[in-house]
Each structure stands twice: as C-alpha cells, then as structure tokens.
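Visitor: Please show me the structure and take me through it step by step.

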Amino acid sequence: MSNLVRSELLKIRTTSTWWWLAIGAFLSIAMAFPLNAWLFNTAVEGNAEDVGLTGDAASAPAQAANLYTSGQYLGLMFVMLIGILMVTNEFFHQTATTTFLATPRRTAVIVSKLIAASLLGFVFWLVTTVIDLGAGAIFLTLNDHGTLLGEWEVQRALLLNLMAYAIWTVLGVGIGTLITNQLGAVITASVLYLIGTQVVSVLFFMLSSWLDSLAVLKWQVLWPAVASQVMITPGENEMLPAWWVGVLVLIGYALVSGIIGVLLTRRRDIS
Amino acid sequence: MSDGQSRPTNDAQIVVSGLSKQYRNVLAVNNLSFTVEPGRVTGFLGPNGAGKTTTLRMLLNLVTPTAGTATIGGRRYPELAEPLRHVGAVLEASSAHKGRTGINHLRVISAAAGLPRQRADEALALVGLTPAAKRKFKGYSLGMKQRLGIAAAMLGDPRVLILDEPANGLDPEGIRWMRGFLKGLAAEGRTVLVSSHLLSEMQLLADDVVIIAAGQLVRQGPVDQVIGSMAQGVRVRVRTPQAEALTSALAGGPARVQTDEHGALLIAGVDAPTVGRAALGAGVELHELTTERPDLERVFLELTAGKAGIR
C-alpha cells in the first residue's frame, strides 16, 4: 500500500496541475484576507449588525477564527479539484491501463488515491494556515488585539479547517470516480460548489418563508459546501446547527463517495 | 535481461479458454480458446473489430469476461503476486500523461509496482530513449511513444510480453528495431504475444499465429503450417505469348490452369520443372516461370473472408 501511495504522490508531483491550483489557493487568500480583516474591524468596533453578524459570530475570537482561515472557501474548491484530477487524469490520458496493470487490485488503487489526497489536503492546509497565521498575527497585534491564538475557538477553527481540507480532497477523488470525464467532472463540481451553494440557500430561504419556520434553514447543512462552513462556524442557534453536525455530514459524503468510487472502479471495464 | 533463474516453461504459457465478452449489442469475443507458448513470437491476427484488443484486455484483467478464463502461467492476472515482474504489456501508444516526462512516467509505474528506482533508467536505456528522458510526453513522436510503452512493459523484466499493434506509426527503421527486439526476447525464452494486422510484418516476425475473426478462432499454429494447410498451395506463374498451346500441352494431367487479370497463367497441381518440360516439349516460348508460395496475407484473407464486416 505504501508503494501505491508513493506512486500517487509522485504522479501529482511530476505534473504542473498542483502548482496552478496552489497559485489559485494563494490568490484566494490574497483576496479573502483583506475582506476578513475589514470584517474583524467592523465587528469589534460594534458595527457587526451592518455586515449581518450577530451574537457569537460577532465576537473578537470568532472573527479572529475567520481571519485565520482566510481563503478557505476557494482553497477547498482547489483541493477538491486536485482530488478530481487524480482520478480523471487516469482516464483523460489513458493511464488507467498502466495503473491497473501495475496493480490489478483496484480497491487498493482507489484507497491509495484517497490516502494521497488527504495527505495533499494536509499540505495545502499547512501552507495556507502558515500564511494566514503570519498575516493574521501581524494584523491583530498591530491593531492591539494580541494574536488571540490562545482562544480555543480560534484553535478549533484551525483544526477543523484541516479536517475540511482533507475531506474535500477525498470528496474530489470520489467525484472523479463518479464522473470520469475530466471536463465534465471539473465543471460540474465547480459549478455546484460555487453557484450551487447560493441556489441552495435561496431555495431554503423560500422554503423557510413558505413553511413559516426558521428551523428549516438548519437543513442547509446537508449541502456539502454549507456543511463545511457550519463546521468552522462557532455557536449554534435556531438557524445554524452545531459545528459537529457539519463534520458528520462531510464525513458522510466522503465515505459514501469513496465507497461508491471503489465499487464503480472495481466493476469498470478499462478500454 | 534474463534473470538466470530457470523456471518451468509453463510458468510463461498463456491459456485462453472459452473466453467470451458480450457488450451491450455486440458479442465481441465468442467462446475463444488458444494457447501461446514461451520461447516463440506469436502473432495475434484478425480484421479490425475481430476482438483482438478485447481479448488482450481480458487477459490483463482490464475488461471482465462474460464467460471463460484467461491465464498466464496457470494464474489469472490479478492472482499474480507481482504482475509487472511476470507480464509486461503495451496497449496504447498514448498512455502517459502529456505533461509528464518519459522518465517520470516510468518512475510512477516502478513506484506502484515496488520496483527499484533505477529500473526506470535501465528500461529507458533498453529502448534507446535515454536522450529524451527529461522531455515531456507530449513532445514525443509516435515512434518514441511506442518505445516508451515498451520500456514500461520491460520495467519488471517480465517472462511474458503482450503487445497490441506495437508497429502502428513506426517508421521502417523503427519496425526493424522492434522486430529484432521482440525476436531477441523470444530467443531468451520469453513468451511474446503480438497483435497486428500488418501481415507482411507478421510473416517476418512470428513463429506461431492465432487468427481470429468475428470474435472466434479461425486457425492457430506455426506460421508455415497454417500457410501450408491452405487448399490452394503452391502455384506456378507463367507468362507466354502462346498461352493456349501451353494450356493444351498440360491438359489431361493434374495441372489446373487459370488466367490472371494480366494474362499470365496460374498453374496449380504441378511444379515448375513439370511446366518447363511441357513447354519445351510443345515448343512454347516462355517469358516468365515462377513458383508462387501462398503468403500469410493470402491465407489470412481467405480464412477471414466474409467475416471482417462491421458488427
């Protein structure tokens, strides 16, 4: 198995895709950090309501957590795309043949892709978090708030963010095995991630006003991108489920897509 | 390349038995059985769509058979402990990531198969690609891609080589190189199974042939035997301005005379000296007297006639 994981990591290292996606992840930090810094200032100056922040979410630790995970929204999409490409590349470049000749045990191949994907998710998390920690600590210290890194809420956000990176990469591998067409998989997943979330929230908002129930909004957590937001959002209210619900939903998706991926790949004719 | 170990020869024997593959609308392979022996080059021949590629892919566990088995040394491909040390396969010329260098392509495979890292360099040298090691695959010519495919197949120094249309896209020099390479491997006692529809090339390369059409076995055996088994054996080709005189001189004997589209006589049933004597006796002037042996192409076309249609 370690041979296979090594081979999968080598596959990633020996092409330039990860490099482009890493640049994308870096740019998304560059865009998100100033916005989150502005949100932090707005919230701690007592104008949280102006930007739609209430309760716990407006507290300094919650906003620090948000700042320290800047770039997560697009970063997660990029690691998901890496996961997808890990599978679809094999079909696009017809290397599935060589891969399954070297290892006819297909379950082992997919499992090693899942392991390699989560390792890669870890690396992306590590690098983005180091950048966020550096920039965030400087920003907060300069504004006389201290680093706020001692706050459990901040630490928890960082750790859950790690989990999000690993799970989204794994989810990407699962999507890749479901949709082996490279372009199809990349476009479907990106559109669902970027636009699907807004569509889902609009639908739930309509449903909620129709049923005259705010609690309905909680169920948005079933949508993976929402689940991953919930996971790193502190606090809980009648519209927002607890963070661990997001964790469970995401793990559920990762498990289901991984299992379906293994089953499909075992049966598929490579021709 | 030989590892010096003496293993039983049947360790490298390929046995296909009752193999069938039903796709949605097409029975691509229909109850196919044949064997491939070590130490020989076996040509796997058939018209387009005969089921050659599907058969090879079933042998390698890439496609699941609907019925039957295909084994290498008595075991199915996924049952081989270290498949790449046992079997090397070249299936498509274009099966590498376009943005990856040739050497890295081989390293990825070596890593997955648990082979030592330097095997990648050795295999690349074996096919003469070392100068292009660090070039990306998309910059490779078709011939270089074929060579890289062979290098990948040779990574584990396997006892059995399986190649699907390896001569496709090769220039004459490349084809000659491939012929020498595969013959050399067979001479070392390895099993070499090569699918192709380049029949003249196969006649130069193969010791045995397996001919299939419409998913079924048509003929299997040593090339000479398969060619010799044809009803229409040796013919004598004669060009003469006095065709009628020669025909009547041969009449009454075992000779069967036909005329081809250029007016030459094709005489079956007698050998060239007999025809020559008859001509001399009748005072017939000859411009050409040639013995024509059937070649693999003629045999193949006759054996697969009417079975090559689109299914």
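**A histidine at the chain boundary**

Guide: H97(B) is buried, having a relative accessible area of 10%; buried means under 20%, exposed over 50% and partly exposed in between, with a 1.4 Å probe and protein chains only. This is a predicted model, in which local features need pLDDT of at least 70 and side-chain atom pairs count only at pLDDT 80 or more, while totals for chains, interfaces and linings use all residues. Residues are numbered from 1 along each chain as its sequence is written, chains are lettered from A and ligands numbered from 1 in the order in which they are written, and side-chain values use heavy atoms, with hydrogens and water left out.

Visitor: Where in chain B does H97(B) lie?

Guide: Helices (H or I, at least four residues) and strands (E, at least two) are DSSP runs, numbered from the N terminus. H97(B) lies in the loop between β5 (87-90) and α3 (102-113) of chain B.

Visitor: Which backbone nitrogen does the side chain of H97(B) reach?

Guide: A polar contact is a pair of N or O atoms within 3.5 Å; within protein, one must be able to donate a hydrogen and the other to accept it, and residues adjacent in sequence count only if both atoms are side-chain atoms. The side chain of H97(B) comes to 3.0 Å from the backbone nitrogen of G99(B).

Visitor: Which residues does H97(B) touch, not counting residues up to four places away in sequence?

Guide: Contact means heavy atoms within 4.5 Å. With that sequence limit applied, H97(B) touches F137(B), T15(A), N89(A), H93(A) and T95(A).

Visitor: What is the area buried between chain B and chain A?

Guide: Buried area is the accessible area (1.4 Å probe) that two parts lose on being put together, summed over both. Here 30 residues of chain B are in contact with 25 residues of chain A. Carbon and sulfur atoms give 57% of the buried area, which is about 2,400 Å².

Visitor: Which side chains meet in a salt bridge?

Guide: A salt bridge is a side-chain nitrogen of Lys or Arg within 4 Å of a carboxyl oxygen of Asp or Glu. The count between chain B and chain A is one. At 2.8 Å, N to O, the pair is D269(A) and K21(B).

Visitor: Which element gives the most to the side of chain B that touches chain A?

Guide: The elements that give two or more residues to this side are α2 (83-86) and α3 of chain B. The most, seven residues, comes from α3(B).

Visitor: What is the relative accessible area of A214(B)?

Guide: A214(B) lies in the loop between β8 (208-213) and β9 (216-222) of chain B. A214(B) has a positive phi of about 50° although it is not a glycine. The residue is partly exposed, and its relative accessible area is 23%.

Visitor: How far apart are the C-alpha centres of domain 1 and domain 2 of chain B?

Guide: Domain bounds come from an automatic or database domain assignment. Chain B is divided into domain 1 (9-228) and domain 2 (235-292). Their C-alpha centres lie apart by 45 Å.
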